[in-house]
Amino acid sequence: MSTTRLGFLGLGGMGRPMAVRLARAGHELVVWNRTAARAEPVVAAGARLAATPAEVLAGAEVVLVMLADEAAVDAVLERGTPAFARLVAGRTIVHTGTVSASWSEGLEVDVRAAGGRYVEAPVSGSRTPAEEGTLVGMLAGAPDDVARARPLLAPLCARTVECGPVPSALRMKFAVNTVLITLVTGLAEAWRLAAAHGLDPRLFAEVLDAGPMASPLSRVKLGKLLAGDFAAQAAIDDVLKNCRLVSESAREAGSPAPLMDACLQLFGTAADRGLGGEDMIAVLHAVDEREGTGPGERAPAPELTGADRGDQPVLG
């Protein structure tokens, strides 16, 4: 059983199964979520529910954070107020969400200035890997801080990889997400092509599953397509946010990203159609609806607004 007192802030689609695994692993765990009812499975697994984020931070040595966006993290940590230093001083903040690299760099600076420690730890995987403890963790920060955080993530991750200083882990996540998003979008387009030719979808799945392109991800998404099941494992809205972050990162580095620009258009169309809460494979409904483009034409790369960069209100 761990002797490190752990806290966990944010029990949404990813945070809840992650916190359940930490509690079942025997960690002394205190948790908080804006909607307290969502904490019930975590409490049943052995965690204690706090009434406020400040209560979590006061009672924990290491605090994992999995919140919706940058604004939510800033609000929960009371960043920019006199309370921030009191909340984070002497504690290690392990941020597991996917946010902009520049924001994470700024948070590290502020946490260290307040007397705390900071580890960037985005994870690769969706809700099912989170439930199974087979996420892949990418870690960045000071070596001593990463070494302290790494074993605490063992119940969550099949593997953890040290990427260097902040924000190397997030930049690694953006590169990995480029593969993920383009793979699923390509699968949706291929499914549309097979259907347009009247091919048996089960035979299409059989051929793909038998070849070198098959993967656990493709098998899961093919299963959802065959069943007409669009219940979210990774929702359209979340993938759209990731598309924006990847595109922004590519532009900052001067790296071309034509596939991600196309995916950004497609997932934006899917979200505009009201599909934001459905699984990312529902992008197939937008594959043939790119507004303003005809056969062989390419939509212009979208401009990133302030809201696109994550300057969004805190979600309830």
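Me: Which residue in β8 does Val-119 stand opposite?
Reply: Val-119 faces Gly-141 in β8. Keep in mind that this is a predicted model.

Me: And in which sense do β6 and β8 pair?
Reply: Antiparallel, over 2 bridges, with β6 covering residues 117–120. Strand β7, residues 123–124, also pairs with β8 in the antiparallel sense over 2 bridges. There, Val-123 stands opposite Gly-137.

Me: OK, what about β8 and β9, parallel or antiparallel?
Reply: That pairing is parallel, with 6 bridges, and β9 spans residues 157–164.

Me: What does the chain pass through to get from β8 to β9?
Reply: The chain goes through helix α8, residues 143–149, and this β-α-β crossover is right-handed.

Me: How many residues of β8 are buried?
Reply: 6 of the 7 residues in β8 (135–141) are buried, so to speak "mostly covered".

Me: Switching to charges. How many salt bridges are there?
Reply: The count comes to 13 salt bridges. One of them joins the side chains of Asp-145 and Arg-112, at 2.5 Å from N to O.

Me: Where do those two sit, and how far apart are they in sequence?
Reply: Asp-145 is in helix α8 and Arg-112 is in helix α6 (residues 101–113), so their pairing ties together parts 33 residues apart in sequence.

Me: Is Asp-145 buried or exposed?
Reply: Buried, with a relative accessible area of 3%. Arg-112 counts as partly exposed at 35% relative accessibility.

Me: Which Arg in strand β6 pairs with Asp-145?
Reply: Arg-117: its side chain meets that of Asp-145 in a salt bridge of 2.6 Å, N to O. Arg-117 lies in β6 and Asp-145 in α8, so this pair ties together parts 28 residues apart in sequence. At 41% relative accessibility, Arg-117 is partly exposed.

Me: Which residues make up the network around Asp-145?
Reply: Salt bridges link Glu-108, Arg-112, Arg-117 and Asp-145 in a network.

Me: Last one: what does Lys-221 pair with?
Reply: Lys-221 forms a salt bridge with Asp-279, side chain to side chain, at 2.9 Å from N to O. Lys-221 is in helix α11 (residues 216–227) and Asp-279 is in the segment after α13 (258–272), so the pair ties together parts 58 residues apart in sequence.

Me: Are they buried or exposed?
Reply: Both Asp-279 and Lys-221 are buried.

Definitions and conventions. Residues numbered from 1 in each chain as written. Predicted model: local features only at pLDDT ≥ 70, side-chain atom pairs only at ≥ 80, totals over all residues. Heavy atoms only, no water. Buried < 20%, exposed > 50% of the residue type's maximum accessible area, 1.4 Å probe, protein only. Helix = DSSP H or I, 4+ residues; strand = E, 2+ residues; numbered from the N terminus. Pairing = 2+ DSSP bridges. Right-handed = clockwise from strand over helix to strand, strands pointing away. Salt bridge = Lys/Arg side-chain N within 4 Å of Asp/Glu carboxyl O.
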